[in-house]
Amino acid sequence: MPVTGPETMTDTLRTPLYELHTALGAKMTPFAGYDMPLQYDGIMAEHNHTRAAAGLFDVSHMGQAHYIGDEAALEKLITADLSALAPGEQKYTLLLNEQGGIRDDLMVSRPFGDDGLFLVVNAATKADDFAHIAKNTAGKGELRVIEDRALIALQGPQAADVFSALVPDAARLVFMQCGVFTLDGTEIWVSRSGYTGEDGFEISIPADRAEAIARLILADARVKPIGLGARDSLRLEAGLCLYGHDMNEDTTPVEAVLMWAVAKPRRDRLDFPGAKRVMQMFADKPARKRVGFTMAGAPAREGAEIVKDGQSIGIVTSGGFGPSVGGPVGMAYIDLDHASPGTEIEILLRGKARPAQVTKMPFVEQRYYRGE
Amino acid sequence: MSVKYTKDHEWVKVDGDTATVGITAYAAEQLGDVVFVELPEVGKSFDQGDEMAVVESVKAASEVYAPVSGEVVAVNDGLEGEPQKVNESPDADGWFVKLKLSDTSQLDGLMDETAYQAHIS
């Protein structure tokens, strides 16, 4: 079998936690231009640890920015209702193109009281996103791209216990709330959210304090460092989209089954990019949509074709083994006629049609903390 | 019984005209957690270098090539329920197939242990 050895990195960027990853024995991999940890102990062990206890992820490759000024100018580009976003709240939203295709998915939050918005966007799209936002809000708002902060995520059923031992005030946050806190004398920006389906926090830290704070969190025996490999299997089981795979510029929120991220007032006002086309598609039903699937045996991977009665009916956009599910799981775009949960389909793997079933997502129960 | 290796990280243990084939500890380590192994049917013949099996880890699928030509006389059914044997015991319980060799001279072209260790270091 062919084996790819450790690759030599040239021109890849490093996060402020690069030295820590190396010290912890991570196997590194290039991702979105960064040299990132793929795994430490092994993907399966890290996945299971996150579901059972708590995992710490370095997501500093993602783009962080502070937006100050006319929020209507920013709102025109996305699908959120910013007037309904109160201080201390966070929303998942979509940056759309003029055809209603998804340029990116992002988090917008108001952790700084009345002092603007905090944006977190995907690593691979951050340069384009920020250029697009800056250009379209020029003269009305100011986008300050943040280059001097790391971003980490602490995820898992014990994340709250671990984090509240360090930052007692953070325990008051519920899912999709945020705020500014102090940890070890350092100002940190915290939201109660993540990308694993578990309870947890995303924490923005000054770059020069990132390693010390990461080590402080890792000093709790319940916490293990988790790489991108398990990050992918965790988010897939939770039914969360990976940008550039499960949706892209050619996918609308209707096809991606992300209309819940298009705020009702924005639908009514038809004032988000591509609104007319998107709402028409929403009314008419799309030709295809994103679904989950399960199967036995070998996992179908991204790009595998889906067939039924010899006809091509779709394509796999994410696929792999789900350690908590105990079998292969994936996401696919499937013709609407075959997209209902329970529909039997076939996926072509190495030329052979393998049985699979359209399955409701998430594949594992989401365990967000929504308050007592 | 001699053990030979390919540059693609398969091992071959030869006993008379039968060879047991698996993947090396180095390969298993590089793959990570194995979650499924697709084995050929008994009775199928392969030429040296043909794709013979597929090993699926959490992160990717990798082909296993026939290190020598021959006919499959047995497959490791135990891997169906316990694919993790490939990680736990790559050079014993995690074997893939037994081949009846059709050309034993092909073994001469494979590496011995010393040469393989040099290949991966």
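**Figure 1. Surroundings of A:S60 in the predicted model.** Leaving aside neighbours within four places in sequence, A:S60 is in contact with A:T15, A:P16, A:A150 and A:L151. The structure shown here and in the other views is a predicted model. A:S60 lies in the loop that runs between β3 (54-58) and β4 (63-69) of chain A. Its relative accessible area is 8%, so A:S60 counts as buried, the cut-off being under 20%. A polar contact of 2.5 Å joins the side chain of A:S60 to the side chain of A:D58.

**Figure 2. Chain A as a whole.** Nine helices and 19 strands make up the secondary structure of chain A. The C-alpha trace of chain A spans about 65 × 50 × 50 Å along its principal axes. The radius of gyration of chain A is 21 Å, which agrees with the value near 21 Å for a compact globule of 372 residues. Of these 372 residues, 58% count as buried. When contacts in chain A between residues at least 6 apart in sequence are taken, 66% of them join residues at least 24 apart.

**Figure 3. Extent of the interface between chain A and chain B.** Here 20 residues of chain A are in contact with 26 residues of chain B. The two chains bury about 1800 Å² between them. Carbon and sulfur atoms account for 56% of that buried area.

**Figure 4. Salt bridges and polar contacts between chain A and chain B.** Five salt bridges are found across the interface of chain A and chain B. One salt bridge is formed by the side chains of A:K352 and B:E38, with an N to O distance of 3.9 Å. Nine residue pairs, both residues at pLDDT 80 or more, are in polar contact across the interface of chain A and chain B.

**Figure 5. The side of chain A that touches chain B.** Which elements of chain A give two or more residues to this side? They are β2 (34-39), α2 (43-52) and β19 (352-359). The most is given by α2(A), with three residues. By class, the side of chain A that touches chain B holds ten nonpolar residues, together with five polar and five charged ones.

Definitions and conventions. Residues numbered from 1 in each chain as written. Chains lettered and ligands numbered in written order. Predicted model: local features only at pLDDT ≥ 70, side-chain atom pairs only at ≥ 80, totals over all residues. Heavy atoms only, no water. Contact = heavy atoms within 4.5 Å. Buried area = accessible area lost by both parts, 1.4 Å probe. Salt bridge = Lys/Arg side-chain N within 4 Å of Asp/Glu carboxyl O. Polar contact = N/O pair within 3.5 Å; in protein donor to acceptor, adjacent residues only side chain to side chain. Helix = DSSP H or I, 4+ residues; strand = E, 2+ residues; numbered from the N terminus. Nonpolar A, V, L, I, M, F, W, Y, C, P; charged D, E, K, R; others polar. Buried < 20%, exposed > 50% of the residue type's maximum accessible area, 1.4 Å probe, protein only. Rg over C-alpha atoms; globule rule 2.2 N^0.38 Å.
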